[in-house]
Amino acid sequence: MAKLKKQDPQIAKLIELETERQKTSLEMIPSENHSSPAVREALGSILTDKYAEGYPGKRYYSGLQYYDILENLCIDRAKKLFHVEHVNVQPYSGSPANQAVYLAVLNPGETVMGLALPMGGHLTHGWKVNFSAKFFNSVQYVVDEKTNLIDYEAVKKQVQEVKPKLMWVGATAYPRVFDWAKLAEAADSVGAYLAADIAHIAGLVAGGAHPSPVPYVHIVTTTTHKTLRGPRGGMIMVTKKGLEKDPELAKKIDKAIFPGLQGGPHMHQIAGIAVCLKEAATPAFKKYAKQIVKNAKALAEALKSYGFKLVTDGTANHLILIDLRNKNISGGDAATRLEEAGITINKNTIPYDPAPPFKPSGIRLGTPAITTRGMKEKEMKKIAEWYNRVISDEKSVKKVREEIKSFCKKFPLPK
Ligand SMILES: *Cc1c(COP(=O)(O)O)cnc(C)c1O
């Protein structure tokens with residue numbers, strides 16, 4: 001950062017401080033990761049300089065011969081990795097990708113169904129404060145009150161009553177595997193478009209550690225910066241089933257992104273996504289994806305041995321939701337205390353949370369970033385012990401902070 005240090009030492013200093021923070025603490029927010037230096041080199045490149053409105057071969061700006069090759073390369077890598085027919089790599093992030101799906105397949109006021117936010121759904125799946133509930137008729141489904149799992153029969157029944165035109169499946173805080181076939185049965189029974197939002201689990205799907213929705217759904221949206229471990233960004237994919245339902249679907253999606261919703265694509269970001277897709281196609285990434293889940297399972301078991309109550313009693317993916325009510329601490333207080341100790345997580349609502357949303361009863365944590373640093377099952381036991389000490393005894397925070405600092409030295413960030 002020699003040039004930055006000279007020209008803008010304040011910003012350079014903040015980047016240095018953040019690097020040090022990442023090095024010396026455990027990033028356990030399940031939607032975060034450590035991208036590779038190669039991804040960041042592409043992201044920080046000269047490609048940020050140009051406008052490229054339109055699509056390869058049909059641009060509104062000149063001087064784009066290399067950008068066309070780049071975007072096509074990115075699209076081809078995504079098609080191969082996820083086995084889909086069509087990909088749009090231009091969404092600025094996950095939320096704009098989802099907005100484009102609405103614009104492509106719904107008219108204002110038509111009906112959409114999604115998992116409710118407090119049950120683990122996403123804002124853009126029809127939550128009341130979001131555009132998706134303001135411009136469309138949003139009906140939300142929930143998880144079962146006893147098991148906290150999706151009750152596929154109940155969802156199917158509701159779908160048949162509500163008859164949505166678009167249905168979302170995907171979550172930000174659901175620690176289990178989705179049964180895509182059952183959801184497809186529900187959506188298909190009323191002719192709804194079924195969109196899988198795999199923002200959290202894209203890396204697991206790419207690496208074979210979570211079943212792929214592709215054979216069952218019409219549309220797949222994702223972010224690129226969570227388990228997929230790329231730069232911030234989004235993608236929309238159209239499946240074979242999607243094109244069979246609606247031969248115009250790919251065109252509708254592309255038109256919705258540009259000119260419907262966005263202007264010039266962020267070509268430096270698309271370059272970073274292309275790099276991450278190449279990384280995600282390697283055997284090493286497959287191993288990584290499987291290790292994320294192994295680590296989450298090992299961590300879940302170790303946490304349970306300290307009396308932590310886990311929503312759905314464990315995990316089958318990359319994340320864990322802890323119900324802290326038996327530990328007499330709120331999710332927010334636990335998050336603050338863990339941060340002081342050097343562990344970053346989220347406070348989070350648990351399904352049917354009796355506490356208000358800004359003071360929820362749970363915390364959400366995950367293993368994607370710490371698995372990137374090379375931690376395995378053995379380290380998960382150690383980490384669970386730290387959670388227990390910090391949450392059961394405020395006075396242990398300082399000591400744990402020192403232990404984590406020295407532990408982190410053995411697990412460097414990606415070089
Ligand atoms: C993170 C996420 C998004 C939104 O992504 P942003 O990049 O934050 O806009 C959408 N859907 C799900 C399920 C997510 O987890």
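Is phenylalanine 178 buried or exposed? I looked up its relative accessible area, 6%, and wrote it down as buried (under 20% relative accessible area; exposed is over 50% and partly exposed in between, with a 1.4 Å probe and protein chains only).

Ground rules. This is a predicted model, in which local features need pLDDT of at least 70, side-chain atom pairs count only at pLDDT 80 or more, and totals for chains, interfaces and linings use all residues. I number residues from 1 along each chain as its sequence is written, and side-chain values use heavy atoms, with hydrogens and water left out.

Aromatic pairs. I paired rings of Phe, Tyr and Trp (its six-membered ring) with centres within 6.5 Å, calling planes under 30 degrees apart stacked, over 60 edge-to-face and the rest tilted. By this rule I get 10 aromatic pairs. One of them joins phenylalanine 178 and tryptophan 180, a tilted pair at 5.2 Å centre to centre with 35° between the planes. Tryptophan 180 is buried, at a relative accessible area of 3%.

I then turned to tryptophan 386 and phenylalanine 407, which pair edge-to-face at 5.0 Å centre to centre, with 80° between the planes. Tryptophan 386 belongs to helix 16 (residues 377-392) and phenylalanine 407 to helix 17 (residues 397-408), so this pair ties together parts that are 21 residues apart in sequence. I take helices as DSSP runs (H or I, at least four residues), numbered from the N terminus. Tryptophan 386 is buried at 1% relative accessibility, and phenylalanine 407 is buried at 8%.

I also noted one aromatic cluster, formed by Tyr102, Phe131, Phe136 and Trp168.

Charges over rings. My criterion was NZ of Lys or CZ of Arg within 6 Å of the ring centre and within 35 degrees of the ring normal. The charged end of arginine 229 sits over the ring of tyrosine 288, 4.0 Å from the centre. Lysine 245 lies over the face of tyrosine 193, 4.6 Å from the ring centre.

Cavities. I searched the whole structure and found one cavity of 30 Å³ or more (a set of points on a 1 Å grid over the protein atoms alone where a 1.4 Å probe fits but cannot get out; lining residues have an atom within 4 Å of a point). The largest cavity holds about 60 Å³ of space. It is lined by 13 residues, and the closest to its centre are Ala171, Tyr174, Phe178, His200 and Ile201. Domain 1 (41-280) and domain 2 (287-408) each supply at least three residues to the lining of the largest cavity; the domain bounds come from an automatic or database domain assignment.

Key
Helices (H or I, at least four residues) and strands (E, at least two) are DSSP runs, numbered from the N terminus. On a 1 Å grid over the protein atoms alone, a cavity is a set of points where a 1.4 Å probe fits but cannot get out, and a pocket is an open set with protein on both sides within 12 Å along at least five of seven lines; lining residues have an atom within 4 Å of a point. Grid points are joined across faces, edges and corners, and a volume is the space filled by probe spheres set on the points.
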